[in-house]
Amino acid sequence: MAAVLAGTGLLAGCAPGADVAAGPGAGATTVPGEGGSPAPSGAPAPRGTPSATPGPAPGAAAPVLAEGVVPARVDVPAIDLSEPLIDLGLDGEGAMEVPVDADDVGWFTGGGRPGGRGPTVIAGHVDSTTGPAVFFRLDELVVGDEVTVTDVEGGVVRYTVTEVIDVPKAEFPTARVFGAQPTDQLRLVTCGGAFDRASGHYEENRVVFAEPVA
Amino acid sequence: MSKQRVIRTLTIGGVTAAAATLLAAAPAAAETEVPEPSTFTSAFTVMATPDQVINNDGAVAPGEPGATGTFDFRINSDTEVICYDITLSGVTGDYQSPAKTATHIHQAVAGKPGPPRISFPNPVDQGDGTRTSSGCLQGPFTTGVTSDAGADTGAGFTLAQIEADPAGFTGDSHTAAFSAGVVRGQLTQVPVGGVATGAGGTAQSAPDAGLALGAGALGLVGAAGAAAWVVSRRRVAQES
């Protein structure tokens, strides 16, 4: 599969740019925040839409894990995938940077790490402009399949797929995929749905959710 | 339920004085609740824990043991809208803060105190040990806290400041028992919108490669589901 794509590196849907957008500097902080105030005040108008709350939140607060270790490799036996990981950050528009090379799989360095708190998010292309890419077979994964992540220190964390979803990119569940969690989580992301010729983008993302093997 | 408790607290604390303080601090123009916008310019998340709480003197002042909080924010800095999904777990007791609510983004780096810039509706008990709060607010923002200079601490603040320096901001919530903060954590930026992990080479009606690349280079996005953030994603690809 990899040989098909060698040297292309031309992924219309993948155009990472510079890092975080610039902006005005933060102002000086001259005012104390909270704490010790003698004047308790109200907390008016409780509101909220519980259905929109991201992620499962256990009733009893789970212990918060420490930070994990930088991941180095992902293995998914069910689809014969075993790939080293490259670093991925943010592009100039605040979206996730994606691998330049269709053969590469990367992880979001601003998120969680295996063995630690929060989701480790791993992304790869489903295809290039010319053929299948490294995550072409991600759609074969089903609940119960195993994914292992090896970190740079040689540690191995085994995960089990718990859910697979296809979501329109316009409704991407940012908090569910990238949001902070006290526990160790894994996400695998690629493209899916219809391909829009005009934009050079797929309209959906496939997201595989996995949790450490108990 | 928690609202009733808060009212009781106010009454016990001296309703006249407290009410006068609130009225005096009430801003002329406060943020408004708005529907979720179709596009965002950035997203942030917070893992809030008790051990990160800092009091006004800059000393560690641990919050409620065992409590956690996750704060997920999506920002459109062009329209000054921030959407929030906040979940507190293991937090007990009434909220308490000199601000108009007790759940905030403060401008404060890790380990330091700082003024509140945005005041969010307090998370509400879901009956399962968690409290949640979700919605979207459009600035200009006010907190109800007055600075030494006499202005609301939200005055002049813009969401672009968070985008410029996420680590300079912290999310927290305050209760009567843990007035310095029940949990707290710094903002970290996460990707916004979908992930561009395909170029159509295996799509059923595979496009001409040249056409696809050209369209991408021009930033033309016609897909019904495509968000505006995609439009300007046309920079030359580069690895991190």
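These notebook entries record what I looked up in the structure.

**Entry 1. Basis**

I worked from a predicted model, in which local features need pLDDT of at least 70, side-chain atom pairs count only at pLDDT 80 or more, and totals for chains, interfaces and linings use all residues. Residues are numbered from 1 along each chain as its sequence is written, and chains are lettered from A and ligands numbered from 1 in the order in which they are written.

I took helices (H or I, at least four residues) and strands (E, at least two) as DSSP runs, numbered from the N terminus. I counted two strands as paired if DSSP finds at least two bridges between them.

**Entry 2. The barrel of chain A**

I traced a closed barrel of eight strands in chain A, in the order β1-β2-β3-β4-β7-β8-β6-β5, with mixed pairing. Its neighbouring strands are turned by 35° against each other on average, direction ignored; axes are lines fitted to C-alpha atoms, for helices over the stretch in contact, and angles run from 0 to 180 degrees between N-to-C directions.

I looked up a parallel pair in chain A: β2 (residues 81-88) and β3 (residues 105-108) are joined by four bridges. Leu88(A) faces Phe108(A) of β3(A) there.

**Entry 3. Strand β8 of chain A**

I asked which strands pair with β8(A) in the antiparallel sense.

β7(A) and β8(A) form a hairpin with four residues between the strands, in which Gly200(A) has a positive phi near 75°. In β8 (residues 201-212) of chain A, nine of the 12 residues are buried. I used these limits: a residue is buried if 20 or more other C-beta atoms lie within 10 Å of its own, exposed if 12 or fewer, and partly exposed in between, with C-beta atoms placed from the backbone.

**Entry 4. Val164(A)**

I found Val164(A) in strand β6 of chain A. Val164(A) counts as partly exposed because it has 18 C-beta neighbours inside 10 Å. Leaving aside neighbours within four places in sequence, its contacts are Leu141(A), Val142(A), Val143(A), Arg206(A) and Val208(A); a contact requires C-beta atoms, placed from the backbone, within 7 Å. Val164(A) and Arg197(A) are 33 residues apart in sequence and 26 Å apart in space, C-alpha to C-alpha.

**Entry 5. The open sheet of chain B**

I followed four strands of chain B in the order β6-β5-β9-β10, which form an open sheet with antiparallel pairing. β6 (116-120) and β10 (183-186) of chain B each have a single partner strand, so one side of each is left without a neighbour in the sheet. Neighbouring strands of this sheet are turned by 20° against each other on average, direction ignored. β5 (residues 103-107) of chain B is joined to β6(B) by four bridges, and Ile105(B) has Ile118(B) as its bridge partner.

**Entry 6. Strand β8 of chain B**

I then listed antiparallel partners of β8(B). β4(B) is joined to β8(B) by nine bridges, with Ser89(B) partnered by Thr130(B). β1 (residues 32-33) of chain B pairs with β8(B) over two bridges, and Thr32(B) stands opposite Gln138(B). β7 (residues 124-125) of chain B also pairs with β8(B) over two bridges. In the turn of the β7(B) and β8(B) hairpin, Gly127(B) has a positive phi of about 85°.

**Entry 7. The nonpolar core**

I defined a nonpolar core as a set of buried Ala, Val, Leu, Ile, Met, Phe, Trp, Tyr and Cys residues joined through C-beta atoms within 7 Å. The largest has 78 residues, and those with the most contacts inside it include Met96(A), Val121(A), Phe73(B) and Ile82(B). β4 (residues 81-89) of chain B gives the most to this core, with six residues. Beyond four places in sequence, Ile82(B) contacts several residues, among them Phe73(B), Ile118(B) and Leu159(B).

**Entry 8. Backbone exceptions**

Most residues other than glycine have a negative phi, and most peptide bonds are trans. I noted Asp80(A) with phi near 55°, in the loop between β1 (71-76) and β2 of chain A. Asp80(A) is exposed, with 10 other C-beta atoms within 10 Å. Glu80(B) has phi near 60° and lies in the loop between β3 (68-76) and β4 of chain B. Glu80(B) is partly exposed, with 18 C-beta neighbours inside 10 Å.

I also noted a cis peptide bond between Gly139(B) and Pro140(B), with omega about 10°. Pro140(B) sits in the loop between β8 (130-138) and α2 (160-164) of chain B.

Terms used
Contact = placed C-beta atoms within 7 Å.
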